[in-house]
Amino acid sequence: MKMGILRQLQCFLLMGTMFIVAIIIYWDDVTKRTFYIPSAVSPLPVFPIQVLETPLDLKSSSDQSSCSVKPNQTTLTTAQKYISKGQGSNNHIFGQSSPTDLKVRQAYRTEMVKELCLANSSLTFPGKFKSFEKIPSRTLDHLIVDDRHGVIYCFVPKVACTNWKRIMIVLSQNLKAPDGTPYRDPLAIPSYMSHNATLHLTFNRFWRRFGRASRRLMHHKLKTYTKFIFVRDPFVRLISAFRNKFDQPNEDFYRQFGSVMLQRYANISKPPGSAQEAFEAGIRPSFQNFVKYLLDSQTEKMEPFNEHWRQVYRLCHPCQIEYDFIGKLETLDEDAEHLLRILGMDERIRFPPGYRNRTAANWERDWFANVSVADRMKLYNLYEPDFRLFGYDKPETLYQK
């Protein structure tokens, strides 16, 4: 009798243990599939690929669920069906895009990065297989964190970063307007203030604030916060940087870089001492000098590339950080609106309007006319990871004399 009762108790105990284990396994699976954002921000919707054929309402309750998309060729194939033929990957490929188009666009961009970051992909570049723990904190200075809304933004100079930094200031409420209240309108923030490093909490400042716990906190935020980045055609970004820093008087950039270019590549042994003097004398670095400077192996032996022309993969580490949203300057208006809607801020914040970029035909003809074909090829090789990771076509101008 006692033996029968004992066996019954053992049976109940075994069944109870199995039930608890089943619950743990189920809960672990759910938490791995679900993306959480702290505070009142809506989670970034990541959607199963099988529902992409059906139009979705971004504001519907079903759209707020979060399911992970497994990286596979189906994702890219499905997304490619929505790309207009003959327009190229670095143009406005969707026009007036529907919610489904916008989601497919993001699936295509994020999955392309994942595919190329795999060990067996055809793309290789320095640091591709480096773990996040091995990345020096000083190179994480472009990752701006907003704890109030659970957002991380990796800013890339010359890719609308002034306006996105303004928005991050509005979100963090780290800057007071003249009336003593936090800024609510991004355009009301002076542009020079947006670049004030003290107004932004970046990952490279975590060590001073959190000490040994900094890396653990970074991992937690990377796992739970919405991470976004905006990119641009790599060569057009270089042209924009050159125009901004060397095609007009800029004393800091002239002294640090411009005078060096004139000495090394323009055969001017004693260039003028200031940008103002150089411009008055009609002396300035050419775009060809700038390209030579970038290709010179001695350049980075002195110091790393300046952030305005440093490759995006070195600024934002896309193979170590899985970005939830990848925007492009070529589709800035739609992408900005889409991201703000995802974050639940489209009713409160409007992205400041910007100017249109120059067309591909213009910059190919005008800016690379005096750059040799050999140097164009070398320059492409230098920035190839950015071209391929973010879906930009190899410029045809490389093959034209």
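Here is a run of questions and answers about this predicted model.

Q: How many helices and strands does the protein chain have?
A: Let's start with the overall build. Taking the secondary structure of the protein chain as a whole, you get 16 helices and five strands.

Q: What percentage of the residues in the protein chain is buried?
A: To count as buried, a residue needs a relative accessible area under 20%. The protein chain has 401 residues, and the buried share of them is 47%.

Q: Among contacts between residues at least 6 apart in sequence, what percentage joins residues at least 24 apart?
A: A contact here means heavy atoms within 4.5 Å. Take the contacts in the protein chain between residues at least 6 apart in sequence, then pick those that join residues at least 24 apart: they come to 72%.

Q: Which cysteine is joined to C117 by a disulfide?
A: Look for a pair of cysteine sulfur atoms within 2.5 Å, since that is what counts as a disulfide. The sulfur of C117 has such a partner at 2.0 Å, and the partner is C319.

Q: How many residues apart in sequence are the parts that C117 and C319 tie together?
A: The disulfide joins C117 to C319. C117 sits in helix α3 (residues 99-117), while C319 is in the loop between α13 and β5 (325-328). So the parts this pair ties together are apart in sequence by 202 residues.

Q: Is the disulfide of C117 and C319 left-handed or right-handed?
A: Check the torsion about the S-S bond, which is about -85° for C117 and C319. Because of that value, the disulfide is left-handed.

Q: How many residues apart in sequence are the parts joined by C154 and C316?
A: C154 and C316 form a disulfide with sulfur atoms 1.9 Å apart. C154 belongs to strand β2 (residues 151-154) and C316 to helix α13, so the pair ties together parts whose separation in sequence is 162 residues.

Q: What pattern do the disulfides of the protein chain follow?
A: The count comes to two disulfides. Number the bonded cysteines along the chain, and the pattern is 1-4, 2-3.

Q: Is Q311 buried or exposed?
A: First find Q311 in the loop between α12 (299-302) and α13 (312-316). Leaving out residues up to four places away in sequence, Q311 touches R237, F305, L382, Y383 and D386. Its relative accessibility is 2%, and the cut-off is under 20%, so Q311 counts as buried.

Q: What is the phi of Q173?
A: Most residues other than glycine have a negative phi. Q173, in the loop between α4 (161-172) and α5 (191-194), is not a glycine, yet its phi is positive, at about 60°.

Q: Is N267 buried or exposed?
A: N267 has a positive phi near 55° and lies in the loop between α9 (251-265) and α10 (275-280). Its relative accessibility is 72%, and the cut-off is over 50%, so N267 counts as exposed.

Definitions and conventions: Residues are numbered from 1 along each chain as its sequence is written. This is a predicted model: local features need pLDDT of at least 70, side-chain atom pairs count only at pLDDT 80 or more; totals for chains, interfaces and linings use all residues. Side-chain values use heavy atoms; hydrogens and water are left out. Helices (H or I, at least four residues) and strands (E, at least two) are DSSP runs, numbered from the N terminus. Buried means under 20% relative accessible area, exposed over 50%, partly exposed in between (1.4 Å probe, protein chains only).
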